[in-house]
Structures are given as structure tokens and as C-alpha cells.
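Please look over the sequence and the model before reading on.

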Amino acid sequence: MSELVMRAEKLDAADELRGKRDGFVLDTASDHAADAAGVYLDGNSLGALPAVVPGRVEDVVRRQWGELRIRSWEESGWWTAPERIGDRIAPLVGAAAGQIVVGDSTSVNVFKALVGAVRMAGDGRDELLVDATTFPTDGYIAESAARMTGRTLRPVTPAEVPGALSGRTAAVLLNHVDYRTGRLHDLPALTAAVHEAGALAVWDLCHSAGALPVELDEHGVDLAVGCTYKYLNGGPGSPAYLYVRRELQDRFDSPLPGWNSHAEPFGMRGAYEPASGAPRGRVGTPDILSMLALEAALEVWDGVPVEAVRAKSLALTDFFLQCVAEYVPEGRVECLTPVAHAERGSQIALRCDDAGEVMKRLIERGVVGDFRAPDVLRFGFTPLYVGFADVERAARVLAETLG
Ligand SMILES: *Cc1c(COP(=O)(O)O)cnc(C)c1O
């Protein structure tokens, strides 16, 4: 047995989150050739299925919808689900209850948050800063938000943000973890710099929530958004969330005021009057089937401290880097993810010219990561269900594939 295989066994034996894997539906060794049992390293694109979800969805469909029908809006708690599930996500992102509402896609919530931030910043501030390396949808939406609100959009890298801030800055949209490189940005320092300039900080947590501590309240983040189908395992297209800091809720003027965010939704009144608190971020009728699948999926977090998740995430990515260094010929791949823990999310991105072809062959052998054009191999490490033996095997199959 190789030294790394033995090391993986030891790390797995000492892993306090090990039992969490049983809460997920994953391949077993018999699904693949003996040496290539499935290793799922794409939880940063679509989290695996928590085992409790199918039964819950069946109940929601057959009993709540099929038997109770419209009574379920009250009796099954459908109406209040967006805030209730927001409160379930809150501890994972360091937020006290009453500040997060679940619904709509991340893209739509980026729009609500940015326009809301610009409106709160006031008329004198005519610039909107956006991370130039952002996931494309955030950049597209920011451009439209700037055009609609008559602001100028300035794309800058996160490192350039402090120097780009001025009395003209209304708001800044940043990603906590870069989706491509896995780089973790300094949320406390950047938020403080944005505030010093008198602007609002809007954070996209898609690649950090569920993988590492976020601490929104502690660092005074103004608004934040995130998806729930990556590290939160909510299922394909599960609804996103919007965080508005409590002190700002009364000033949050949503660009999408729907009847669901009205102070009295069933008053059916002609004039809009916004609800107070988190419900102000709602728009229309919530997508109940996806939302309640997400609620069930969040049960896997019961009793899981985010700090333990972070510690395991770093141990997994450290071990993967060690295995890659050992198995893969030097110079065959270039690591784009920072080695420093303080700058690393929960993924490893490796660059090589034939990345598309390499990932295709890896997936054929049961090691599932993803390819990001033009030349990036991306491996996501979900601490709740990825183990160290998985990591060793993935690196070994990668080396054979690159061979
Ligand atoms: C995954 C992701 C999104 C996804 O947006 P949707 O509207 O849910 O499709 C947005 N932003 C970032 C940074 C992401 O990583």
C-alpha cells in the first residue's frame, strides 16, 4: 500500500464529519470498476442529493398538495417558507434570524441587491464597482443595474477595489470565492474599505456558503446573495437567498416590488406598501416544491459547526495538492488556487491546455469534476461527503489520465 493511501486511511479514521456521508445518496464501489468507485468532486456546481429529500418531496406532493391542496399555504407552512428557510440558512452565513429570505435565482437577487444598494447610497454617488473576474451573470446584471439607475459601471479586480473607491462609489459587488480559481477574497477587509468610502458592500456567497465561515453580521456586510444548489445541496435550480442587514431593512427599496412583499399581501390594494423585515425581499409566489426540497436538504447541517467544515475542507484540499504533487509529473498542470489557507476556498483549479479532453476522460472513469473554458479543471471538495480516500483516488486517476 502506498504511503498516501495509508495516510488517507488515517485521515478518514480521524474525520469527525465522516458519518455525514451516510446522509447522502452517492455511488458505491460496485457502481464502477473496483478501482474507480465514483468520486464526486462537483458539489460546487450541483451538490449531491441528501437522503431525506425524496421522501419529503413525495410528502409535499402527495399529501400537502394532493390532499390538503390550498389549505397547505397555511397548514403546511407554505406561505412563510421563504423566511423560515432563510432563518435555517442564517447560522451558516453568520447572520442572526430575520435578515434572509429565500426565493428566485441568484441572478434575480443580485439585481434586487444592487439596485437596492444604489438607491440606499443616494444621488450623489454615481459609480458602481463590480469584480471584473466575476461569474458572468453578476457582471451582466450589474451592467444593466448601472444603466437603469444612471450609474457608471467600473469593473475592477478585487485587489484593485481599495484604490478604486471614492466619494463617487455607490456600491461594490464582490464574490467571496472566485468560481474559477477558488480564490477566497478578504471579506472583512474589503467590506471595511467599502464602508470607509461611505459605500455599500454587496457580496455573492455562491461558492462560500456551506464551505467556510462567512460572518455577515460580524463584518457589517450590507447585502448578500447566494445560491443553494452548490454547497447547500438544495437540488437543481433550488431557490437562492437575499440577505439585507437589519439596520438597512427599512431603507431597502426593492426594484421588484411584488404582491408577496406587500405589507398586506391579501389586502389586494392598488398602492404598494412594503412589508417590514426580510419579507421585503420577496417578489411573487414562491416555488414551493423546490423550496421545500431545499428545506429538507438543510437538515444535514443539524449539529454541524461551520468551523469543522472549514477545517476539513482545508485538510481535503491540502491533501489533494499533496497527492497531485506526488503523482502528476511536474509542469503537466498549473495550480490556479492559492496555496495560502487564508486565500483558498473549497476547490482546487488546475490549468492545462487539454483540460476539456482530460475532464471527459476523468468523468468516464468515475472522477467527476468540471471543466471551465478554456483550460481549467475544477475540483470541488464538499466536506460533508468527500473523504480522504476519495481525494487520493481522484488524484491517482487524474495522474493516469494526464499520463
Ligand atoms: C453559481 C453562481 C451563480 C448562479 O446564478 P443563477 O442565477 O443561480 O444561475 C451566480 N453567481 C455566482 C458567483 C455563482 O457562482
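Which residue just after helix 6 takes a positive phi? G150 does, with a phi of about 70 degrees. The model is predicted, so local features need pLDDT of at least 70 and side-chain atom pairs count only at pLDDT 80 or more, while totals for chains, interfaces and linings use all residues. Residues are numbered from 1 along each chain as its sequence is written, and side-chain values use heavy atoms, with hydrogens and water left out.

**Helix 6**

Helices (H or I, at least four residues) and strands (E, at least two) are DSSP runs numbered from the N terminus. Helix 6 covers residues 136-149, and its end C-alpha atoms lie 20 Å apart.

Buried means under 20% relative accessible area, exposed over 50%, and partly exposed in between (1.4 Å probe, protein chains only). In helix 6 the buried residues are T137, D138, G139, I141, A142, A145, A146 and T149. These buried residues pack against helix 5 (106-121) and against strand 5 (127-131), strand 6 (152-156), strand 7 (169-175) and strand 8 (200-204); contact here means heavy atoms within 4.5 Å.

**Salt bridges**

A salt bridge is a side-chain nitrogen of Lys or Arg within 4 Å of a carboxyl oxygen of Asp or Glu. The whole structure holds 33 salt bridges. Three of them are listed here.

| Pair | N to O distance |
|---|---|
| D375 and R180 | 3.9 Å |
| R351 and D353 | 3.3 Å |
| R365 and E400 | 2.8 Å |

The salt bridge of D375 and R180 (3.9 Å, N to O) links distant parts of the chain, 195 residues apart. D375 is in the loop between strand 14 (370-372) and strand 15 (376-380), and R180 is in the loop between strand 7 and helix 8 (187-196). D375 is buried at 15% relative accessibility, whereas R180 is partly exposed at 26%.

In the remaining pair of the table, R351 is partly exposed at 23% relative accessibility and D353 is exposed at 69%. A network of salt bridges links R180, E334, R351, D353 and D375.

Notes
Expected span 1.5 Å × (residues − 1).
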